[in-house]
Amino acid sequence: MLRSFKATLMRGGTSKGLFIHRDELPSDSAQRDQVLLAAMGSPDPRQINGVGGAHPLTSKVAVIGPSSEDGIDVDYLFLQVVVDKAEVSDSQTCGNMLAGVGPWAIEHGLVAAQEGETKVTIKMANTGAIAVAYVPTRDGQVVYEGDCYISGVPTPAAPIPLDFRDVAGSSCGALLPTGNVTDTYDGVDVTCVDNGMPVVVLRAEDFGLTGNESPAELEGNTALKERIEAIRLQAGRDMNLGDVAQKTVPKMSLVAVPTSGGYLNSRTFIPHRVHEAIGVLGAVSVASAAMIEGSVAYGLADQSKAGSGQLDIEHPTGFFSVDVVVEPTADGYEARKSALIRTAMKLMQGDVFVPASLFGGAA
């Protein structure tokens with residue numbers, strides 16, 4: 001027998017996945033994960049027996065519910081459903097999917113719509129960090145259509161500004177989790193940073209690369225992938241993440257001088273596939289690293305743009321604009337501001353069917 005749960009398929013930023021009220025899923029996390037694996041169609045490279053899109057960027061889930069904390073509207077748990085493995089990871093959050101949380105919460109009655117713009121305060125349950133989304137609303141409805149383009153999405157939509165509060169060190173405990181501006185692994189200098197997303201920043205030139213290679217070229221370079229993974233496993237431990245062999249963090253970002261007028265050029269492993277763009281909080285972390293004097297990215301970035309309010313992080317399909325301010329303090333460095341603009345789109349809403357046995361056999 002089959003059983004269904006209600007879900008909304010949405011694009012958030014340059015990602016896509018299911019948005020689900022937490023009451024629709026089993027409270028036991030292991031049972032919940034089995035339901036989501038079946039719903040998305042994992043493990044299968046095509047996800048043919050589910051609603052997943054056969055790529056890490058389109059095999060994501062946002063679980064949302066009302067928050068019990070004062071000043072917080074909703075709690076948002078991000079789950080990465082691995083495409084070709086029976087694995088669901090909560091080891092990171094997702095700033096792209098975050099763009100859809102505010103609209104979803106308004107449409108499902110968790111936040112009352114205001115005229116013009118509705119502020120939604122969101123706790124990112126994976127890290128405990130807080131974000132505020134400013135959602136365009138009119139006549140009690142979410143406004144999705146607009147003229148804001150973001151790289152990686154072919155059509156415009158209404159802008160959704162996102163302001164991150166105190167995300168520095170949310171996964172690793174500090175903006176510079178190793179305590180150093182640079183570390184060296186296997187003879188390669190890196191900068192480990194966590195401003196909402198744990199990232200290891202590496203110079204592309206140290207691997208004999210220009211930094212302009214396509215994702216397909218990088219993914220096809222087996223020797224490169226092995227070197228980067230070996231560094232990732234070492235850096236992950238030093239970043240207070242433990243054994244990261246089965247985790248999706250830290251991300252690995254190869255950086256180079258900008259080629260299209262941006263602040264810095266990037267190619268990001270997430271961690272085993274190469275992102276067609278760059279993640280929201282990944283872009284924030286990479287920009288943060290580039291603002292720290294002595295980091296591997298500092299000398300490659302166009303520092304004339306620092307403090308401009310818009311730092312364009314170039315990636316394979318365009319650029320990602322962030323507003324980041326990192327300043328030195330007596331104890332090191334502090335992230336003073338982390339903000340950006342994303343868009344979202346509601347694509348489909350209804351019932352997702354999975355075997356009833358996964359819910360304990362209830363029909």
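Biologist: Which residue in β13 is the bridge partner of arginine 203?

Modeller: In β13, arginine 203 has valine 255 as its bridge partner. This is a predicted model, in which local features need pLDDT of at least 70 and side-chain atom pairs count only at pLDDT 80 or more, while totals for chains, interfaces and linings use all residues. Residues are numbered from 1 along each chain as its sequence is written, and side-chain values use heavy atoms, with hydrogens and water left out.

Biologist: How many bridges join β12 to strand β13, and in which sense do they pair, parallel or antiparallel?

Modeller: Two strands pair if DSSP finds at least two bridges between them, and strands (E, at least two residues) and helices (H or I, at least four) are DSSP runs numbered from the N terminus. Here β12 and β13 (residues 251-256) pair in the parallel sense over 5 bridges, whereas β11 (residues 188-194) and β12 run antiparallel, joined by 5 bridges, with cysteine 192 opposite valine 200.

Biologist: Is strand β12 largely enclosed or exposed, and why?

Modeller: Buried means under 20% relative accessible area, exposed over 50%, and partly exposed in between, with a 1.4 Å probe and protein chains only. In β12 (residues 198-203), 6 of the 6 residues are buried, so the strand is largely enclosed by the rest of the structure. Pro198, Val200 and Leu202 point one way, and Val199, Val201 and Arg203 the other.

Biologist: Which residues are in contact with serine 288, leaving aside its neighbours within four places in sequence?

Modeller: Contact means heavy atoms within 4.5 Å, and serine 288, found in helix α5 (residues 280-290), is in contact with Val193, Asn195, Val324 and Val326 on that basis.
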